[in-house]
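Please look through the structure shown here.

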Amino acid sequence: MTPADGTKSRVKVLVIDDSRVIRELLTAVLSDDPAIEVVGAAEDPIMARSMIKSLSPDVITLDIDMPKMNGLEFLRRLMKLHPLPAVVISSHVQPGGAMTIKALEMGAVDCVGKPGGSDTHSFLSLGDEITLKVKEASKADMHAARSRAARWRARFDGQDGARAALDHVIGIGASMGGVQALCKILPAFPAASPPILISQHMPGGFTRSFAERLNGLGHLDVMEAEDGAELLPGKVYVAPGGFQLSITSRAERRFCRVTPRQRGEMQAPSVDRLFTSLADVARQSGVGILLTGMGRDGADGLLRMRLAGATTICQDKATSLVYGMPSAAAAQGAALYHLPLARIPSFVGSICVRSSSAASARPTEECVGL
């Protein structure tokens, strides 16, 4: 929000933690940034609820283990009744933890692992990370997230899935907000869908738990990608955190290629690396989907896919938690289609079935071409 005098207003933050020490530390860390104003601190969710009404914060920081109401239960109720960007700061959200995935799935924009005990120095060392994530969270469109939550279970219309699944391969890239988005659209893909590769920005140790969580949500068999694994219909391959995922082909069969992060690479996994390999190997039979996220990773790779004849799709602004990566792709004409999150699975299904039965056919669903 910009005040009438044209100056940029500060991000208003409410700190929620049952520890007085942590509340004071978070207040000090966040207040050190001139772009942030800590408007209050609550010791439990009940107090936080009334403070949210009176103070109208832009972002909350939220602990999980608290009296009167568990932080995740409070988050679930908040996202249903009053969507608000939340950064979970808790010792329960270390990389690879099921609680981290649960928090993100429930609507948290991001998570920070809190050091155990009362090590003030270790906590203060996280100050830059916490401040950055709070400022990024303030840009999230939570009302769009709320409106799409009830509309995501679209299904493929076509019944010719078997041939389409053999002909095509789908790549999905995402960053901030991608956990929630993937949890919503993957269950909408049928068991006979083409192989799907996912490059979601996550640290090492996190992606295996994420794949296990996705595996329990729908019809698809989801796994963390392994080098040399053959791409098969109905399978989903999640790029391991800290590694690069791409595809290669031998004797008309396609395989995962998992390689270590190289010096100088900003992201691992990188959406650009995945999309570039799809452009080179899958070409016209590739489908690239770029979802919500900060920055521009995936924009160049998606453009290469489009130039190679692939179908390229960006999540639209209205349903993106953070419209950074899709916006960067749209700005350079990388996306053929710009779609709401809930419509992506059925649209991809129609594309795959139609192009398998008639190579020259184009999908007729309503969409915005870029």
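The buried residues of helix α11 are covered by elements that include β6 (169-174), β7, β10 (243-250), β12 (286-290), α12 (299-307) and α13 (325-331). Cover here rests on contact, meaning heavy atoms within 4.5 Å. Helices (H or I, at least four residues) and strands (E, at least two) are DSSP runs, numbered from the N terminus. Helix α11 spans residues 271-281, and because eight of its 11 residues are buried, it is largely enclosed by the rest of the structure. Buried means under 20% relative accessible area, exposed means over 50%, and partly exposed lies in between (1.4 Å probe, protein chains only). The buried residues of α11 are Val271, Asp272, Leu274, Phe275, Thr276, Ser277, Leu278 and Ala279.

This is a predicted model, in which local features need pLDDT of at least 70 and side-chain atom pairs count only at pLDDT 80 or more, while totals for chains, interfaces and linings use all residues. Residues are numbered from 1 along each chain as its sequence is written, and side-chain values use heavy atoms, with hydrogens and water left out.

Both ends of α11 have a local feature. At its start, a side-chain oxygen of Ser270 comes to within 3.3 Å of the backbone nitrogen of Asp272. Just after the helix, Arg283 takes a positive phi of about 50 degrees.

Strand β6 contains Ala174, which counts as buried because its relative accessibility is 1%. Leaving aside neighbours within four places in sequence, Ala174 is in contact with Ser199, Gln200, His201, Val271, Leu291, Thr292 and Met325. Ala174 and Met325 are 151 residues apart in sequence, yet their C-alpha atoms are 7.9 Å apart in space.

His201 sits in the loop between β7 (196-200) and α10 (207-215). His201 counts as buried because its relative accessibility is 16%. Not counting residues up to four places away in sequence, His201 touches Ala174, Ser175, Gln267, Pro269, Val271, Asp297 and Met325. With Asp297 there is also a polar contact, side chain to side chain, at 2.7 Å. A polar contact is a pair of N or O atoms within 3.5 Å; within protein, one must be able to donate a hydrogen and the other to accept it, and residues adjacent in sequence count only if both atoms are side-chain atoms.

Next come the nonpolar cores. A nonpolar core is a set of buried Ala, Val, Leu, Ile, Met, Phe, Trp, Tyr and Cys residues joined through side-chain atoms within 4.5 Å. The largest has 59 residues, of which Phe210, Leu291 and Ile313 touch the most other members. A second, separate core of 28 residues includes Val169, Ala299, Leu302 and Met305.

The structure holds one aromatic pair. Tyr337 and Phe347 form this pair, edge-to-face, at 4.9 Å centre to centre with 70 degrees between the planes. Rings of Phe, Tyr and Trp (its six-membered ring) pair if their centres lie within 6.5 Å; planes under 30 degrees apart count as stacked, over 60 as edge-to-face and the rest as tilted. Tyr337 is buried, with a relative accessible area of 10%, and Phe347 is buried at 0%.

For the chain as a whole, there are 14 helices and 15 strands. Of its 370 residues, 54% count as buried. Among contacts between residues at least 6 apart in sequence, 72% join residues at least 24 apart.
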